[in-house]
Amino acid sequence: MNDKPAILELRNVNKSFGPIDVLHDISLRVRAGEVLCLLGDNGAGKSTLIKTLAGVHKPTSGQILMDGQPVTFAGPREAQGQGIATVHQFGGTFPLMSIGRSFFVGVEPTKGWGPFKIYDRKRANEIAVKAVRDFGITRIDDGDRLVGGLSGGERQSLAIARAVYFGARVLILDEPTAALGVKQASHVLRIVNEAKRRGLAVVFITHQVMHAMAVGDHFAVLIRGAIAADFRKGEKSREEITDLMAGGETMADLEAQVEGYMETHEGHPPSPQVVQGPAAP
Amino acid sequence: MAHPVASTSTPAPDRVKYGLAFGRLARRPEAGSFLGMVAVLLFFGLFGGSGFMSAAGTASWLNIASEIGIIALPIGLLMIAGELDISVGAVIPAASLTAAIVSGHYGLPDWLGITAALGLGLAVGFLNGLLVTRTTIPSLIITIGTMFLTMGLTLGLTVMIAGSTGVSLVPAPLTKAIFGDYLGGMFQVTILWWVVFVVGLFWLLHISPMGNWIYALGGDKESARNVGIPTKRLTIGLFMLSGFSAAFVGVSEVMVYQSAQVLAGQSFIFNSIMCVVIGGVLLTGGFGSIVGIVFGTITFSIVNQGIYFTSMDPNVGSVIIGALLLIAVLTNDTFRQLALSYSSKKGKRS
């Protein structure tokens with residue numbers, strides 16, 4: 001399962017804003033049909049990392065590779081053009097638009113010709129509803145419904161279905177389950193599994209260890225902009241990951257370790273091998 | 001999220017149908033404003049007597065509605081796109097005076113004056129759009145700035161050129177017929193132009209794919225840009241549309257009244273915004289409809305003129321309009337909540 005080439009890879013990526021270093025030496029890879037879970041507390045640099053992947057920020061140093069080729073993104077549009085889609089916490093960003101209209105925003109299907117092109121509402125609604133239903137959300141059956149009237153999980157599902165419909169190969173999910181109840185979250189996780197089954201590479205950013213365990217193949221814990229732990233499914237127990245993430249004593253230990261290391265190494269973070277979290281039992 | 005219809009456990013088939021129809025109705029931005037319009041019509045039909053219901057009574061509010069309506073439509077589009085335009089209040093007299101000075105004072109052909117006036121409106125709109133898209137200053141402030149700029153220049157240049165603050169213009173018969181005539185002796189031809197604007201902008205917002213961009217722009221500018229909508233060009237275009245429409249009303253006014261005054265048009269600023277808000281457009285953008293704006297304009301104009309047909313003190317009219325605005329915002333909010341929480345029966349059950 002490790003031999004497939006990575007769709008998206010970061011190699012020693014650093015990002016600083018002026019004098020502030022936000023990301024240190026990040027190396028990550030995500031393959032087709034694989035879910036990479038990115039775990040970390042607030043301020044760990046997750047959102048900067050996502051924005052770097054999505055083409056909003058350019059790395060200060062280091063490389064981004066797609067299919068093994070180095071790429072640079074001039075902006076989010078270009079990253080999208082390459083097939084990297086980002087879905088944010090609240091999914092649909094146009095709560096007062098209908099499902100069909102928001103699904104096709106910017107690429108509206110039309111009928112007619114020349115200056116008399118008209119927005120094809122019927123076709124937009126049909127395609128949008130079908131795309132979401134194919135992901136198992138059968139409650140959505142009316143493309144005229146407003147996006148704001150959907151539940152949080154349905155909105156996420158709609159956003160993911162939209163990304164897939166428009167040819168995304170890498171799906172970046174920014175805390176998709178953070179604001180959801182248990183049942184809604186399980187909907188979203190099922191969608192993530194479905195996206196994985198369809199061969200998408202998924203980067204799943206989350207706080208919730210249960211959610212990460214449910215879908216993740218590969219995990220990376222981010223502390224202070226550096227990858228503090230990097231492991232595959234089955235290499236750590238749920239308790240260990242929880243400890244790593246939950247910010248309990250072991251988390252504090254880790255941070256102290258990282259800080260101590262950085263102080264004695266001119267501010268450079270340790271490599272993942274140096275800090276391995278709580279001692280394996 | 002409990003919906004009155006949805007909470008019934010086993011609805012009869014006809015209630016399902018009713019529920020669906022109601023949901024579709026509530027989803028429309030104009031639902032609240034339609035009720036407001038009917039209420040106001042009934043009120044003045046009852047208390048305004050036969051004078052209000054007569055042809056002359058109808059003409060009195062339709063004439064007002066047509067002028068405000070032509071401006072309220074693009075203001076509504078801008079508001080749906082998340083922007084405001086105050087400068088229309090200065091563009092109207094500036095366009096009137098431009099036409100009057102070019103064709104009246106200098107005696108050049110009417111079409112030249114009209115073209116210059118409309119061009120001026122487009123130019124002010126372009127300036128507004130450019131400033132709004134190039135800076136982070138809210139459009140409210142920018143257009144207040146360009147309003148004073150336009151007003152000052154209009155006043156200064158008019159006094160300099162014509163030597164007074166009013167210029168008269170006697171339009172040629174054909175121009176008068178196109179822009180400034182009265183049909184049946186009382187209905188301004190502007191009413192027909194209003195219909196043209198309504199049809200054109202209905203097409204733009206609800207039928208052409210560009211309408212979707214306007215909603216998206218008002219819903220979330222950042223996301224709209226990210227999906228590839230040319231947000232800057234669209235914003236500039238919408239401001240030019242409102243500048244053009246204001247100039248058009250300025251031209252019609254000078255053709256109707258045959259003279260142009262420097263200080264006309266200030267009332268249009270608040271009145272047009274009120275028509276739009278009564279019409280169910282969300283002040284913060286992303287929600288609204290052309291039909292709603294038309295209903296809002298009619299409602300406003302009926303109250304504005306209908307009050308003279310009742311035995312009430314005309315000052316009460318302002319009180320009614322103020323109250324109407326607040327009620328409209330409240331009911332529109334309620335309808336918006338209904339629209340958001342509403343889902344069809346099938347969806348709720350599964």
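Helices and strands here are DSSP runs, helices being H or I with at least four residues and strands E with at least two, numbered from the N terminus. With that in place, look at chain B just after helix H5, where Gly107(B) takes a positive phi of about 70°.

Some ground rules. This is a predicted model, so local features need pLDDT of at least 70 and side-chain atom pairs count only at pLDDT 80 or more, while totals for chains, interfaces and linings use all residues. Residues are numbered from 1 along each chain as its sequence is written, and chains are lettered from A and ligands numbered from 1 in the order in which they are written.

Chain B as a whole, then. DSSP gives chain B 16 helices and four strands. Of the 350 residues in chain B, 50% are buried, where buried means 20 or more other C-beta atoms within 10 Å of the residue's own, exposed means 12 or fewer, partly exposed is in between, and C-beta atoms are placed from the backbone. Two residues are in contact if their C-beta atoms, again placed from the backbone, lie within 7 Å. Among contacts in chain B with a separation of 6 or more, 78% are between residues 24 or more positions apart.

Back to H5(B), residues 88-105. Its 18 residues should span 26 Å at 1.5 Å a residue, and the end C-alpha atoms are 24 Å apart, which agrees. The expected span is 1.5 Å times one less than the number of residues. In H5(B), 17 of the 18 residues are buried, so the helix is largely enclosed by the rest of the structure.

Helix H14 of chain B, residues 290-306, has 17 residues and reaches 24 Å from first C-alpha to last, close to the expected 24 Å. Since 16 of the 17 residues of H14(B) are buried, this helix too is largely enclosed by the rest of the structure.

How does H4(B) pack with H14(B), at what angle and with what distance between axes? Helix H4, residues 55-80, packs on H14(B) at an angle of about 145°, with the axes 8 Å apart. Axes are lines fitted to C-alpha atoms, for helices over the stretch in contact, and angles run from 0 to 180 degrees between N-to-C directions. The contact involves residues of H4(B) including Trp61(B), Ile64(B) and Ile68(B), and residues of H14(B) including Ile293(B), Phe300(B) and Asn304(B). By class it has twelve nonpolar, eight polar and no charged residues. The nonpolar class is Ala, Val, Leu, Ile, Met, Phe, Trp, Tyr, Cys and Pro; the charged class is Asp, Glu, Lys and Arg; the others, Gly among them, are polar.

One residue from a loop. Val262(B) sits between strand S4 (259-261) and helix H13 (267-278) of chain B. Val262(B) is buried, with 21 other C-beta atoms within 10 Å. Beyond four places in sequence, the contacts of Val262(B) include Pro93(B), Leu97(B) and Thr165(B).

Now chain A. Its mean pLDDT is 81, with 87% of residues at 70 or more; pLDDT is the predictor's confidence in each residue, from 0 to 100. Over residues 274-281 of chain A pLDDT stays under 50.

Last, the contact between the chains. It takes 23 residues from chain A and 26 residues from chain B. On the chain A side, helix H2 (76-81) and strand S8 (118-119) are the elements that give two or more residues. That side has eight nonpolar, six polar and nine charged residues.
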